[in-house]
Amino acid sequence: MSKPLTIVGLSGGVDSSVAALLLRNQGERVEGLFMDNWAEDDDGYCTAAQDFQDARQVCAELGVPLHRASFAAEYRDRVFAHFLEAYRAGHTPNPDVLCNREIKFGALLEYAHRLGADRVATGHYARRADGRLFKARDLAKDQSYFLHQVPADALRQAEFPLGDLVKGEVRRIARNAGFENFAKKDSTGICFIGERPFRDFLARYLPAQPGEIFADDGSLLGRHQGLMYYTLGQRSGLGIGGVEGRPDEPWFVVGKNLERNRLIVAQGHDHPALLSRALTAEALHWIGAVPPDGHVCTAKIRYRQADQGCTLRRHARGLRVEFDVPQRAVTPGQYAVFYNGDECLGGGVITEAHPA
């Protein structure tokens, strides 16, 4: 009887490459799968061709087969459509969370089953056990935030071989294995945008609607290029120079008025308009049991944020999250993700921030 098969999602990067190597060295039967998730004309910004060649080199070194599959249709329907919908609503979405739920542990997992696999593996920095999700040992690289929407059943069929490694060890293992991508730069930002100018990309799908910029006291300061190009707490790109009668301090986005197409700004990194004591989260997903009303835990409202103490309160529209200390730039469209120590409980989409 042959060993169970594990399909490793290979991106061409060093992390997924080492994940495949570690599983093979443990005696598992491994095959790679390279995913094509974006089918639009990319004007030279897409790195898929080179990424595929890097994945091929890794599989050649390992002596394992490499499959290639397109999930572009699924990605457009399940991830990109929600991305555009959020921007139309004036929110700032995080499509990587949906990509993990819908594609890497959705469409990819289904495809792996058709190939006869029992499990999938990725290069995510996270740990899992019995359908539960935990932070990685390397907290600087931990990606449990992006995995919090993955269902427990899918987690039971997943492997995260890098969960107990730090990034430096991963690169060292790749170099020693002869992988040409051992020093390859980590991908950053939104996956389908890559290195291209964000405004140019978004304008291809959503028409920009320029409008006026107002200070928090109602005075007109200038014009914006379209509300979708700005997020709460943003400082750069506002085009506001010195304003007569105002302190020489930077301006920050503190709000959006969609009805009047106005961008609201104020001076001061920690202006009161940027601080929230609580938020409302909806579209909740819990990996395990639903926490009771009044549950005390920690939360992140953005990736790489330090854990923030909070209390979870049941709310008619989802969940009210009350923080121990006010939080800066709570941004609708982003995710609030909850933890008990190292265990990720789940999370939801931020829909409203409540002033401090």
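Guide: Before we start, a helix axis here is a line fitted to C-alpha atoms over the stretch in contact, and angles run from 0 to 180 degrees between N-to-C directions. The model we are looking at is a predicted one.

Visitor: What about H1 and H2: are they roughly parallel or roughly perpendicular to each other?

Guide: The axes of H1 and H2 cross at roughly 15° and come within 10 Å. Angles under 35 degrees count as roughly parallel, and H1 and H2 are therefore roughly parallel to each other. The crossing of H1 and H2 is right-handed.

Visitor: Which residues meet there?

Guide: Ser-17, Ala-20, Leu-21 and Arg-24 in H1 meet Val-58, Glu-61 and Leu-62 in H2. The contact of H1 with H2 divides into four nonpolar, one polar and two charged residues. Leu-21 is listed in the contact of H1 with H7 and in that of H1 with H2.

Visitor: Nice. Which strands does H1 lie across?

Guide: H1 lies across strand S1 (5-9), S2 and strand S4 (119-121), and runs at about 165° to S1. Helix H2, residues 48-62, lies across S2 and S3, at about 175° to S2.

Visitor: What is the strand order in the sheet that holds S1, S2 and S4?

Guide: The order is S3-S2-S1-S4-S7, an open sheet of five strands with parallel pairing. Strand S3 (66-70) and strand S7 (158-159) are the edge strands, each pairing on one side only.

Visitor: How many bridges pair S2 with S3?

Guide: Strand S2, residues 29-36, pairs with S3 in the parallel sense over five bridges. Leu-33 has His-67 in S3 as its bridge partner.

Visitor: Changing topic: which helix has a kink, and where is it centred?

Guide: That is helix H4, residues 95-114, with a kink of about 30° centred on Leu-108. H4 is followed by Gly-116, whose phi is positive, near 90°.

Visitor: How do H3 and H4 cross? What are the angle and the distance?

Guide: The axes of helix H3 (residues 72-88) and H4 cross at roughly 165° and come within 9 Å. Angles over 145 degrees count as roughly antiparallel, which makes H3 roughly antiparallel to H4. The crossing of H3 and H4 is right-handed.

Visitor: Which residues are in that contact?

Guide: From H3 there are Glu-74, Tyr-75, Arg-78, Val-79, His-82 and Phe-83, and they meet Pro-95, Leu-98, Cys-99, Glu-102, Ile-103 and Ala-107 in H4. The contact of H3 with H4 has eight nonpolar residues, one polar and three charged.

Visitor: Now the four-stranded open sheet. What is its order?

Guide: S9-S8-S11-S10, with mixed pairing. Strand S9 (220-224) and strand S10 (251-257) stand at the edges with a single partner strand each, so one side of each is left without a neighbour in the sheet. The twist averages 30° from one strand to the next.

Visitor: Do S8 and S11 pair in the parallel or the antiparallel sense?

Guide: Strand S8 (residues 211-215) and strand S11 (residues 262-267) pair in the parallel sense over four bridges. Glu-212 stands opposite Arg-262 in S11.

Visitor: Last one: how many bridges join S12 to S17?

Guide: Eight bridges join S12 to strand S17 (residues 343-355), and the two run antiparallel. His-285 stands opposite Gly-347 in S17. Strand S12, residues 275-286, also pairs with strand S15, residues 318-328, in the antiparallel sense over six bridges. There, Ser-276 stands opposite Gln-327 in S15.

Methods: Residues numbered from 1 in each chain as written. Predicted model: local features only at pLDDT ≥ 70, side-chain atom pairs only at ≥ 80, totals over all residues. Heavy atoms only, no water. Bend = angle between axes of the 7 residues up to and from the residue. Pairing = 2+ DSSP bridges. Parallel < 35°, antiparallel > 145°, perpendicular 65-115°, else oblique. Left-handed = near helix turned anticlockwise from the far one by under 90°. Contact = heavy atoms within 4.5 Å. Nonpolar A, V, L, I, M, F, W, Y, C, P; charged D, E, K, R; others polar.
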